[in-house]
Amino acid sequence: MSSNKDRMFAECFRKGNDAANKQDWDTAVMMFGNCVKMKPDLINCRQLLRGCTKKKFNDNGKGKGTLGNMSLISIRSKIKKAKSAGEWEKVSMLAEEGLETNPWDAGICVELAEASLKLDRSDIARMAYFDAIKAAPKDKAIHVAFANLLEHRSEFSEAAKLWEMVQKIDPKDMDARRKISELNAKKGIEDGGYEHADSSKDVKSKNNLPEERAKRQGQPFAPGEDPEADLKHAIRRDPEVIENYLKLAGIQKSMKKFDASYQTMVKALEVSGNDANVREQLEDSELLLMKYNVDVAKEKANEKGDDAARKRAVEMSQELRQRRIEILSSRELRYPANLNIKLELAQLLMQLQNWSQAIPLLQKAGTDPRLKTKALVNLGKCFVYDGKNGLAKSQFEKALPDLRYDTEPETYKECYYLLARVCEDMNDAPAAINFYGEVIVVDYDYKDARVRMEKLQGG
């Protein structure tokens with residue numbers, strides 16, 4: 001049954017592409033609409049459907065107009081009924097039906113976004129909210145909802161920009177300024193950056209700030225001057241309010257108190273009754289603390305020049321990688337439509353030479369146009385190291401049309417170099433020479449590309 005469905009999907013997708021190429025927008029909308037119904041998790045089908053629908057209406061910004069608005073009244077009523085029954089898949093499909101009538105309807109876009117979040121389709125929710133704010137650029141509620149989603153996806157810079165728009169829409173909104181500062185702090189510590197600290201020495205230097213010295217000297221702060229102390233007091237006053245724990249953990253992260261932040265999140269999870277979203281934030285705190293400890297261990301090893309210290313730093317790095325794999329594996333199951341998670345998990349598995357596990361994840365990640373190039377290059381690497389040169393060559397060649405040196409210089413050089421190596425192993429000297437040439441024209445000393453090319457040319 002599944003294979004029949006896959007064949008039907010592939011046929012509809014092919015017909016949709018053919019129709020779009022011929023600018024037969026009615027057929028394209030129908031075919032891509034069928035694809036969405038068969039595989040609702042795939043964001044690219046929804047993107048294609050939305051694009052073709054807009055072309056069908058000549059990008060007029062209003063869809064069917066008055067006639068369409070009448071049919072949308074019925075669709076909104078059905079959506080309301082489905083929402084009250086908790087039928088989120090039905091809400092999603094009804095929203096798509098409404099967007100085929102008017103793809104610029106902000107309200108229907110929001111309905112799709114909310115249903116997608118309930119169905120763990122974060123990428124589709126992101127797309128829907130993006131369309132919604134374009135359709136309603138002054139709607140504060142949509143901007144706030146979209147910003148919260150982006151923050152949950154760790155897209156802190158984009159979330160901060162949305163809060164800046166909220167501030168412009170409503171200058172009296174006191175939360176906007178706080179959220180902008182909070183998100184900028186989160187951006188700073190993203191991926192172990194610790195708010196632009198280059199090493200643990202930078203973290204230690206914070207102790208020289210006046211407020212830190214005041215704390216060490218026992219000088220009290222008035223209420224409102226020390227957010228950390230205020231939140232601790234609020235927690236003592238009402239220990240069941242989960243939001244206070246989350247805010248406190250965030251402030252402690254921005255202050256580089258990673259162990260304290262982790263311990264606060266442990267308590268938050270306990271208070272929340274093991275809430276899944278809180279557990280994810282605890283996992284993020286755990287990874288951040290582990291990354292900081294690894295960096296400290298590396299610094300100590302470099303300072304001491306001690307083999308035992310270096311060995312311990314390596315072991316800690318391996319433990320961090322394994323924990324990241326465990327956490328991402330769990331999230332990949334929880335958010336099957338989040339292709340960024342699949343790509344990140346695949347790259348970690350590649351470090352362990354788990355090609356068979358990494359390959360299917362990369363193949364799925366490659367369906368997202370934004371991740372396609374990186375996924376294809378990594379797929380090629382998997383096949384190279386797995387001894388499948390023919391498959392590796394085809395993946396690298398698929399990546400070439402979208403590769404640009406100015407935006408992805410390292411990926412560009414690596415792809416052309418590995419493709420040249422594969423061609424060399426397959427005794428295709430002219431092709432290998434050509435691809436080595438593409439490498440050295442942008443980086444004359446990249447690995448051994450020049451030496452290999454000269455050898456193939458006869459010295």
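Which residues in helix 22 meet which residues in helix 24? I note before answering that I am working from a predicted model. On the helix 22 side I find Tyr417, Arg421 and Glu424, and these meet Ala449, Arg452 and Leu456 in helix 24.

Entry on the geometry of that pair. I looked up the axes of helix 22 and helix 24, which come within 11 Å and cross at roughly 30°. Because angles under 35 degrees count as roughly parallel, I put helix 22 and helix 24 down as roughly parallel to each other. I also recorded the hand of the crossing of helix 22 and helix 24, which is left-handed.

Entry on a charged residue of helix 22. I found that Lys413 forms a salt bridge with Asp443, with 2.9 Å between the closest N and O atoms. This pair links distant parts of the chain, since Lys413 sits in helix 22 (residues 409–425), while Asp443 sits in the loop between helix 23 (429–440) and helix 24 (449–456), 30 residues apart. Buried or exposed, how does Lys413 count? Its relative accessibility is 6%, so I list Lys413 as buried, whereas Asp443, at 23%, counts as partly exposed.

Entry on helix 14 and helix 15. I read an angle of about 165° for the packing of helix 14 (residues 242–254) against helix 15 (residues 258–272), and their axes are 8 Å apart. Angles over 145 degrees count as roughly antiparallel, and I therefore describe helix 14 and helix 15 as roughly antiparallel to each other. The crossing of helix 14 and helix 15 is left-handed.

Entry on salt bridges. How many salt bridges does a search of the whole structure find? I noted 45 salt bridges. One of the pairs I looked up is Arg50 with Asp131, whose side chains meet in a salt bridge at 4.0 Å, N to O. That pair also links distant parts of the chain, with Arg50 in helix 3 (residues 43–56) and Asp131 in helix 7 (residues 122–135), 81 residues apart. Both Arg50 and Asp131 are buried. I then traced the network of salt bridges that includes this pair, and it links Arg46, Arg50, Lys54, Glu96 and Asp131.

The side chains of Arg310 and Asp307 meet in a salt bridge, 2.9 Å from N to O. Both residues lie in helix 17 (residues 307–334), where they are 3 residues apart, about one turn of the helix. For accessibility, I wrote down a relative accessible area of 39% for Arg310, which makes Arg310 partly exposed, and 59% for Asp307, which makes Asp307 exposed.

Entry on cysteines. How many disulfides does a search of the whole structure find? My search of the whole structure gave 0 disulfides. I looked up the accessibility of two cysteines as well: Cys109 counts as buried at 1% relative accessibility, and Cys423 is buried, with a relative accessible area of 1%.

Notes. Residues numbered from 1 in each chain as written. Predicted model: local features only at pLDDT ≥ 70, side-chain atom pairs only at ≥ 80, totals over all residues. Heavy atoms only, no water. Disulfide = S-S within 2.5 Å. Buried < 20%, exposed > 50% of the residue type's maximum accessible area, 1.4 Å probe, protein only. Helix = DSSP H or I, 4+ residues; strand = E, 2+ residues; numbered from the N terminus. Axes fitted to C-alpha atoms, helices over the stretch in contact; angles between N-to-C directions. Parallel < 35°, antiparallel > 145°, perpendicular 65-115°, else oblique. Left-handed = near helix turned anticlockwise from the far one by under 90°. Contact = heavy atoms within 4.5 Å.
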